[in-house]
Each structure stands twice: as C-alpha cells, then as structure tokens.
Amino acid sequence: MLALDLLLQGVVQGAIYALIALGLTLIYGLLRILHVAHAALFTLGGYIGVIVTNETGSLPLALIVAMVSVGLLGIVIYRLAYKPLLDQSPLVALIASIGLFIAFEEVFRLVFGSYGLSFENPPLRTQVNLGGGLLISHSKLLVIGMAIIMLSILAWLSTRTRTGIAWKATVTDSQIASSFGINIERVRYLNFFIGSALAAAAGVMVALLTNLVEPTMGAVASYKALAIIVLGGLGSVRGTLVAAIAIGIVESFGTVYVGHILDRDALAFAFLVIALMIRPQGLFKAG
Amino acid sequence: MAYEVILLTTMAITVLFALSLNVITGFCGQVSLGHAAFYGIGAYVGAMLTKGGWPLLMALLPAAGVAGLIGFFVGLMSLRVRHDFLAITTMGIAFLFVGFVRKQEWLGGEIGISGIPAFGFGRIGLLVVALACAGLFAAVTIYLKRSWMGFGFDSIADDEDTARILGIDVPRFKLWAFVIGTAGAGVAGALYAHHVRYIGPDSFGFVESVTVLAMVIIGGIGSVWAVALAAAVLSVLPLWFQFIDDYKLLIYGLLVFAVMRFSPNGIAGALQSFRRRLR
C-alpha cells in the first residue's frame with residue numbers, strides 16, 4: 001500500500017513539475033535560452049490565484065486571471081529582457097535571467113510580505129477513496145487533471161492548427177520559416193505567452209496543494225525545472241514529460257528509502273547526474 | 001580598523017574564489033553553476049582539520065587537494081556532457097554536496113560547524129594570508145593565460161571541435177582547468193571558514209554558485225584583472241547597500257541584469273569599447 005501511495009504522490013509532484021518545465025522547454029526549444037526567471041512567473045501565478053480566489057470566491061476565475069496576466073507579463077519579459085540579448089552568448093541571457101529572478105523574488109517579498117499568503121477557505125480539501133483504502137484529495141486529482149488537459153490542448157495546438165505548424169517550423173529553422181512568410185516575432189510572443197501561462201497554472205496548483213504561497217517558492221521550481229528539461233533532452237516536449245514524472249517518482253520513493261543519506265533535492269540531482277552520464281544528450285532527442 | 005580588516009579579508013577571499021572559477025569558465029569556456037560546492041569542500045576539510053589541531057597554513061593544502069580531486073571527477077563528467085548540459089550537471093553537483101552534508105552527523109548536519117579556531121596570527125595575519133593566496137593565484141593564472149596551456153584553454157573555449165581536429169588534447173586541458181580551478185576554490189573555502197568561523201550547508205548553496213559566476217561574467221569572461229575587480233566590488237556591495245537594507249537584493253538583482261543587458265561583455269568589454277571610442 002505504501003508503494004502505491006508513494007507512486008501517486010510522485011505522479012502528482014511530477015505533474016506539477018511537468019507544467020512548470022513545459023514552458024521552459026518551449027522557450028528553450030525556440031530561443032536556446034535557459035529562462036530562470038520563469039520560476040518567478042510561477043510564483044506570481046500562485047499569488048494571483050490566492051488573491052483573486054480570496055476576493056471573489058471563485059477558483060476557476062482566479063486560474064484564468066492568473067494565466068492570462070502572467071502570460072502577458074511573459075511577453076513583456078521577452079520583449080524587454082531577452083530580445084536584445086538574442087545574438088549574444090547564451091551565458092549572457094542566463095545570467096541576466098538569474099538577476100531578473102532575484103529582483104522578482106525581492107519584489108514579491110516587498111509587495112506581498114515575507115510570510116506568505118493562504119486561502120481563506122482552502123478549496124477542494126475533501127478526500128476521495130480510489131478503492132482499496134487509497135485516498136486522494138480533490139486538489140490532487142485536479143492537479144493531475146489540469147496537467148492532462150493542458151498538455152492535450154498543447155498537443156492539439158501544435159499538430160492541428162496553422163499557428164502550431166508555424167511554431168514548429170520556426171523551431172526547426174527560423175530563417176527558412178521566415179522566408180516562407182511566417183511572422184517569427186508573433187510566434188515568439190505566443191510561445192512566451194503559453195509557457196508563462198502554464199507556469200502560472202502550476203503556481204495556482206501548488207498553492208492549492210500546500211495552501212501557502214511565499215516569495216521563495218519559485219527557488220525550488222527554478223532549478224528543478226532546469227534539471228528536468230535537460231534530462232528530457234532540452235527542447236523535447238515528450239522528454240520533458242517523461243523526465244518530470246520520473247523525477248517526481250524518484251523523489252517520493254527516495255525520501256523514504258534513502259532519505260537518511262541525501263535530502264530530496266540532492267536525490268533528484270543524483271538521478272539527473274547518473275542519467276546524464278549514461279545518456280549525455282538527455283532521455284530523448286530534441287524535436 | 002578591525003572593520004576594514006574584515007572587509008578587506010572578505011574581498012581577498014572572494015577575489016580568489018572568483019579567479020578560480022575564471023580558470024574553468026573564463027579560460028576554458030566550461031560553464032559551472034556549482035562552483036560553491038568546491039568552496040564548501042575546502043571549507044569543511046579546512047575546518048575539520050584545524051578543529052583536530054592542525055595549523056591553518058598546513059590545512060590549506062589538503063583543502064585544495066580534496067577539492068581538486070573531486071574537481072577532477074567533475075572534469076571527467078565535462079568530457080561527457082557539454083554546454084547547457086554541463087551547466088546543469090555542475091548545478092546538480094552543488095545540490096548533491098549540500099544535500100549530502102545536510103544529512104551527515106559527523107559534519108554537523110543541518111547545524112553546521114561552529115567554534116572553528118581563530119587563525120594563530122590574528123585577523124591581520126589572516127588578511128595577509130588571504131591577500132598572499134589571492135595574489136599568488138592571480139599571478140599563476142596570468143602566467144597560465146600566456147602559456148601553452150592557456151592557448152589550449154583558449155582554443156577549447158573558442159571551438160572545441162576545431163581544437164580537437166587541430167590535435168589539441170582537449171580532455172587533458174579540460175581536466176587541468178577543472179583541477180586548478182577547484183583547488184583554488186578549496187583554498188578560498190578553507191580561508192573563508194576561518195574568516196567567519198562558522199560554516200553550515202546553507203553557506204554554500206546555489207545562490208553562492210550563481211553569485212560567483214555573476215562576478216566572472218560581470219567582470220568580463222577570461223580577463224584576470226576585470227574579474228578580480230568585479231569580485232572585489234560585488235563582494236562588499238551588499239554591505240554598502242546596508243542603509244537600504246530592504247532593497248539591497250532587489251538592487252543587486254537589477255544591477256546584474258542591467259550589466260548583462262547593456263554591456264554583455266562585462267566591465268572588460270565596456271572598458272575596451274570606451275578606449276576605442278577615445279581614439
């Protein structure tokens with residue numbers, strides 16, 4: 001029974017990692033930038049989710065507000081921060097992004113206070129019996145459901161719509177795509193919008209699970225999401241998914257069985273380092 | 001006077017730390033997001049030895065040795081993974097180090113090691129040692145840069161594949177860069193442990209790794225003088241900002257961002273283009 005519980009816990013955690021890391025993968029796939037400040041958008045999503053829910057009492061509304069506003073902020077960040085750095089070495093964008101992330105965290109602390117916010121009436125706290133004594137809360141079910149829905153929408157978007165095909169063409173070769181009349185700037189804006197909106201959704205989900213948003217909650221997300229997209233093969237959407245779930249499960253089992261030697265984060269990274277030594281190009285090829 | 005001595009010691013140790021990363025990232029072009037782990041290894045080795053009765057000056061050698069040895073293994077990893085993959089692997093090393101130390105009772109676990117003995121020759125003595133180490137390391141790296149090995153580093157940083165085709169022994173140079181760089185960080189760490197006289201897992205986290213990388217890049221990758229200058233200034237910047245305590249990290253973050261945004265080649269690059277404009 002313990003094993004099933006742990007597996008479930010790992011899948012829930014993995015679903016959240018997947019939502020955060022997907023945005024990063026999309027951005028990396030298009031621009032080759034390791035976008036650390038992505039985690040700040042995740043935190044902001046959590047804050048907006050909690051504040052709007054407390055003000056209006058509606059969680060779905062809060063989710064939509066968080067995703068749209070954070071998505072727009074993602075576009076602003078691309079326009080002001082990354083666009084001027086695109087022809088520099090990727091290291092420059094990485095350091096700029098880290099600087100931005102530190103600044104964002106501080107802004108959250110100054111604006112929202114350092115103690116964090118909680119829901120006044122935590123939604124979806126009730127438990128469901130999955131049979132055989134395996135209990136799961138509604139909020140965890142929602143997290144898994146959200147991940148599946150978002151990913152299905154993304155898959156549909158990228159394979160069945162003109163925008164999606166334009167996006168894939170730009171990822172493959174932006175110059176040729178551009179000469180075929182695709183507006184590359186628009187694709188990039190859309191990319192940052194979708195990626196950031198996914199991060200915001202993940203922020204709201206984490207807020208639901210822990211009933212707490214605090215300025216530093218993005219720190220864990222920032223480095224672990226980087227590890228996940230690297231493990232997944234940098235730029236591969238399928239690889240990111242598999243890596244996210246794998247790291248979630250490794251963490252939930254590892255903390256129980258080898259938790260006395262390594263802590264949770266170290267476990268995830270031990271797994272990453274070993275996996276990369278065996279497959280230096282990540283689990284899947286980019287594409 | 002005491003305050004200035006402490007400030008200068010902090011500067012000297014940070015300069016040494018940043019110059020050590022400069023060998024790996026600046027000269028050889030291998031990005032490391034986990035350099036604080038080697039700083040930490042040096043600090044823990046140094047602290048354990050002096051607590052066991054060794055004098056600090058003798059403890060510096062094993063601190064450099066252990067850090068360099070583990071650096072050698074990370075160097076081996078750098079032969080297998082490259083670019084962004086390497087950056088994330090080294091970041092993983094940093095988390096492994098912190099996560100490991102946290103769970104080891106004999107290393108003080110979460111609480112860390114306190115009551116590290118003071119340096120026998122007092123604060124001024126420590127300052128002299130730190131300055132000497134930083135100066136020596138700077139001299140060695142300037143010499144390295146001009147040597148054949150420096151040329152090898154440079155070619156790898158520029159284009160690894162071409163270097164390999166030209167018959168440059170890429171693995172050997174990479175391993176040397178990692179060993180020299182991490183050993184330097186080990187010495188810096190041991191000095192740091194005896195400077196603040198308390199260390200814990202949180203003293204060597206990801207933020208410290210990023211901070212030192214920021215110093216190297218803000219200074220201007222590869223240039224010894226510019227990196228030393230950036231490290232000296234950035235190490236005491238938070239102290240100067242003390243009067244705006246609440247906003248100091250905000251300003252620090254924005255400053256890092258602004259330098260990258262408006263002068264992507266760092267201070268060295270900005271000076272160069274300024275000089276060009278004067279002509």
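**Notebook: chains A and B**

I began with chain A and its contacts between residues at least 6 apart in sequence: 75% of them join residues at least 24 apart. I note here that the model is predicted.

**Chain A, overall.** I counted eleven helices and two strands in chain A. From the N terminus on, I read the elements as α-α-α-α-β-β-α-α-α-α-α-α-α. The radius of gyration of chain A is 19 Å and the globule rule gives 19 Å for 287 residues, so I put chain A down as being as compact as a globular protein of that length. Along the principal axes, the C-alpha atoms of chain A fill a box of roughly 60 × 50 × 35 Å. I looked up burial as well: 53% of the 287 residues of chain A count as buried.

**A helix pair in chain A.** Next I took helix H6 (residues 162-172) and helix H8 (residues 184-210) of chain A. How far apart are the axes of H6(A) and H8(A), and at what angle do they pack? I found the axes 10 Å apart and the angle about 105°. Angles of 65 to 115 degrees count as roughly perpendicular, and H6(A) and H8(A) are therefore roughly perpendicular to each other. On the H6(A) side I listed A:Thr163, A:Ala166, A:Trp167 and A:Thr170 as making the contact, and on the H8(A) side A:Ile184, A:Val187, A:Leu190 and A:Asn191. Sorted by class, this contact of H6(A) with H8(A) has five nonpolar residues, three polar and no charged ones.

**Where A meets B.** I then turned to the contact between the chains. It takes 35 residues from chain A and 33 residues from chain B. Which helices of chain A each supply at least two residues of the side that touches chain B? I found helix H4 (90-112), helix H9 (217-231) and helix H11 (264-278) of chain A. H4(A) gives the largest share of that side, twelve residues. By class, the side of chain A that touches chain B divides into 29 nonpolar, three polar and three charged residues.

**Chain B, overall.** I counted twelve helices and two strands in chain B. Along the sequence I read the pattern α-α-α-α-β-α-α-α-α-β-α-α-α-α. With a radius of gyration of 18 Å, close to the 19 Å that the globule rule gives for 279 residues, chain B is as compact as a globular protein of that length. The box filled by the C-alpha atoms of chain B is roughly 50 × 40 × 30 Å along the principal axes. Of the contacts in chain B between residues at least 6 apart in sequence, 81% join residues at least 24 apart.

**Helix H10 of chain B.** I checked the span of helix H10 (residues 224-240) of chain B: its 17 residues reach 24 Å from first C-alpha to last, close to the 24 Å expected at 1.5 Å a residue. Its buried residues include B:Val224, B:Val227, B:Leu229, B:Leu234 and B:Ser235. What covers the buried residues of H10(B)? I noted that the cover includes helix H1 (2-27), helix H5 (122-146), helix H9 (206-219) and helix H12 (266-278) of chain B.

**One residue, B:Leu56.** Is B:Leu56 buried or exposed? B:Leu56 has 24 C-beta neighbours inside 10 Å and so counts as buried, the cut-off being 20 or more. Leaving out residues up to four places away in sequence, I found B:Leu56 touching B:Thr50, B:Phe119 and B:His194. The C-alpha atoms of B:Leu56 and B:Ala12 are separated by 17 Å, and the two residues are 44 apart along the chain.

Notes: Residues are numbered from 1 along each chain as its sequence is written. Chains are lettered from A and ligands numbered from 1 in the order in which they are written. This is a predicted model: local features need pLDDT of at least 70, side-chain atom pairs count only at pLDDT 80 or more; totals for chains, interfaces and linings use all residues. Helices (H or I, at least four residues) and strands (E, at least two) are DSSP runs, numbered from the N terminus. The radius of gyration is taken over C-alpha atoms; the globule rule is 2.2 Å times the number of residues to the power 0.38. Two residues are in contact if their C-beta atoms, placed from the backbone, lie within 7 Å. Ala, Val, Leu, Ile, Met, Phe, Trp, Tyr, Cys and Pro count as nonpolar, Asp, Glu, Lys and Arg as charged, and the others, Gly among them, as polar. The expected span of a helix is 1.5 Å times one less than its number of residues. A residue is buried if 20 or more other C-beta atoms lie within 10 Å of its own, exposed if 12 or fewer, and partly exposed in between; C-beta atoms are placed from the backbone. Axes are lines fitted to C-alpha atoms, for helices over the stretch in contact, and angles run from 0 to 180 degrees between N-to-C directions. Angles under 35 degrees count as roughly parallel, over 145 as roughly antiparallel, 65 to 115 as roughly perpendicular and the rest as oblique.
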